[in-house]
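The following exercises concern one protein and are to be worked with its sequence and structure in view. Each task is followed by a solution in steps.

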Amino acid sequence: MMVETLKEYVGDLDVLRAELNTPDALERFEECVRQAGWVCVVLAAGQGSRFVSETPKVLHEFNNAPLVAHAVRAALSQNAPVVVVVGPASDGRRDKIVNYIRTHFNSSLERIAFAVQPVPMGTGHAVYIAKQVLSDSLLRDPKQTQSSALQIAIVYADTPGIDGGVLSNLRNFHAQRQKEIGGSYSATILTGSRAGVGLGAAAYGRIIRRKGRQDAAPQDAESHKGLGQSGVIDIVERKQIDRMAKDGTRSYESFDSDSYTKQELLDVDEFNSGIVLAQAAPYLSVLGEVLPNQTKVVPEPKFEYYATDFVVGMARKKLVVDGCMLPNDQLWKLEGANTVEELTELQDRSNARQKRLRDPNGEPGTCSEAPAGKKSTSASTTKL
C-alpha cells in the first residue's frame with residue numbers, strides 16, 4: 001500500500017526544473033512573479049484519453065483558439081505570470097503544447113514557465129509539480145506581509161470559459177475575506193449551484209461547509225470569525241459518495257465530526273469547480289502533506305493525489321477556506337469537455353449564446369457568498 005505524502009513521493013523537484021526552462025528564463029520569470037504578487041498554474045498535463053484524436057486535447061479549438069490559449073490569456077490579462085504544467089517528453093503531445101504556447105505567446109514568454117509532471121498521479125500531484133519553478137525564497141520572502149504574500153491560482157487548460165473577469169472577481173472576493181477574517185484566511189474555492197447547471201451536475205464534487213458548531217473550542221471559533229456557517233471544511237468527490245452504503249448509515253464524517261448519509265451528500269447543492277485562489281506558501285505546504293487515494297484495485301493497484309484534499313489539511317491547521325459562488329447565469333464559464341463530441345456541443349452552445357447576447361463586452365458576474373438558509377449539509381458555494 002502506498003503511504004507516502006505527496007512531498008515525499010515527489011522528492012527533488014529541481015531534477016526537472018531545467019527541462020523546459022533555461023536558468024535565465026527562470027530568473028526573469030521569478031522576478032515577474034515577485035512583482036505581480038501572484039501566479040496562475042494552468043494544468044495541461046492530462047492525457048485526454050477520451051479525445052480520440054492526433055491533436056492534444058488542450059490544442060483542440062474553441063471559439064477560434066486552442067483550449068489552453070483561453071486559460072493562459074485569462075491569467076496574463078490579469079497580470080498573473082503563468083506556470084503551464086505539461087506531461088513528460090515521452091508523451092508526444094507535450095512538445096506540441098509547449099511549441100504552441102512559445103509561438104503564440106511569444107511577447108509574454110518572460111511571464112510563462114513550464115513544469116513537467118513525469119507521471120500522471122492526480123490533480124494534487126500536477127499542482128504540486130509547479131513548485132519546480134517556484135523557489136522557496138519566492139514562497140517565503142521574509143519581506144512579505146499577509147497582504148503582500150504570494151498568491152497562487154489553479155485553473156484547468158480544458159475549461160475555456162474562464163476569463164479575466166472570473167479571475168478578477170475571485171481575487172476581489174479573496175481580498176475581502178482576508179480583510180474580514182485576518183491572517184488565518186488562506187484559500188478561496190470557486191463554486192456553483194448544481195441546480196443551476198442541469199445536465200451532468202450529479203457528477204460534481206460536493207462542498208462541505210462548517211455548520212457553526214456551538215461546542216467549538218474558543219480558538220477555533222476565533223480562527224473562523226466572520227464566517228458563521230460558511231467555512232468550507234471538505235470536498236467530497238462523487239466517486240467517494242458512490243462507494244458509501246445505501247442503507248442510511250452515516251458513514252461519512254467531516255472534519256467537524258458531523259456525519260452524513262449517502263443521500264445527504266448526494267443532495268448537497270454546492271459543487272467544486274476545481275478552481276482555487278490561495279496563499280501560496282500554506283497551500284503548497286498543506287498539499288505536500290496529503291496522502292494518496294487508491295483509485296483502482298485491478299488489474300493492478302493505482303493511486304492518485306487529489307488536489308481537493310488540501311481543504312481538510314487546512315481545516316486541521318485552523319486555516320480558513322471559503323467558497324466564492326459564481327452566479328447561475330455565469331456557470332457556463334466552468335464547462336469543459338471530455339470528448340470531441342462534447343467539445344462540439346460546447347461550441348454550439350457558445351455560438352447560440354453569442355447570437356442571443358450580441359454583446360461580447362457584457363459585464364462578468366461577481367462572486368457571492370452562499371445564500372442564507374441554503375441546505376446546510378452542502379455549502380453555499382459552487383464548483384464545476
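**Exercise 1. Determine what share of the contacts in the protein between residues at least 6 apart in sequence join residues at least 24 apart.**

Step 1. A contact means heavy atoms within 4.5 Å.
Step 2. Among contacts between residues at least 6 apart in sequence, 78% join residues at least 24 apart.
Step 3. The model is a predicted one, in which local features need pLDDT of at least 70, side-chain atom pairs count only at pLDDT 80 or more, and totals for chains, interfaces and linings use all residues. Residues are numbered from 1 along each chain as its sequence is written, and side-chain values use heavy atoms, with hydrogens and water left out.

**Exercise 2. State where confidence in the protein is lowest and where it is highest.**

Step 1. pLDDT is the predictor's confidence in each residue, from 0 to 100; its mean over the protein is 85, and 84% of residues reach 70 or more.
Step 2. Helices (H or I, at least four residues) and strands (E, at least two) are DSSP runs, numbered from the N terminus. The protein has 14 helices and 15 strands.
Step 3. Confidence is lowest in helix α9 (residues 218–223), with a mean of 40, and highest in strand β1 (residues 38–43), at 98.
Step 4. Over residues 213–229 the pLDDT stays under 50, and the model gives this stretch 24 contacts beyond four places in sequence. Residues 372–384 also have pLDDT below 50, with 67 contacts beyond near neighbours in sequence.
Step 5. Where pLDDT is low, the predicted coordinates should not be read in detail.

**Exercise 3. Describe the surroundings of Gly 231.**

Step 1. Gly 231 lies in the loop between α9 and β9 (232–236).
Step 2. Buried means under 20% relative accessible area, exposed over 50%, and partly exposed in between (1.4 Å probe, protein chains only). Gly 231 is buried, because its relative accessible area is 1%.
Step 3. Not counting residues up to four places away in sequence, Gly 231 touches Ile 208, Arg 209, Arg 210 and Val 321.
Step 4. Ile 208 is 23 residues from Gly 231 in sequence, and their C-alpha atoms are 8.5 Å apart.

**Exercise 4. Is Ser 273 buried or exposed, and which backbone atoms lie by a polar atom of its side chain?**

Step 1. Ser 273 is located in strand β12 (residues 270–279).
Step 2. With a relative accessible area of 6%, Ser 273 is buried.
Step 3. A polar atom of the Ser 273 side chain lies 2.5 Å from the backbone oxygen of Leu 190.
Step 4. The backbone nitrogen of Ile 275 lies 3.1 Å from a polar atom of the Ser 273 side chain.

How values were computed:
A polar contact is a pair of N or O atoms within 3.5 Å; within protein, one must be able to donate a hydrogen and the other to accept it, and residues adjacent in sequence count only if both atoms are side-chain atoms.
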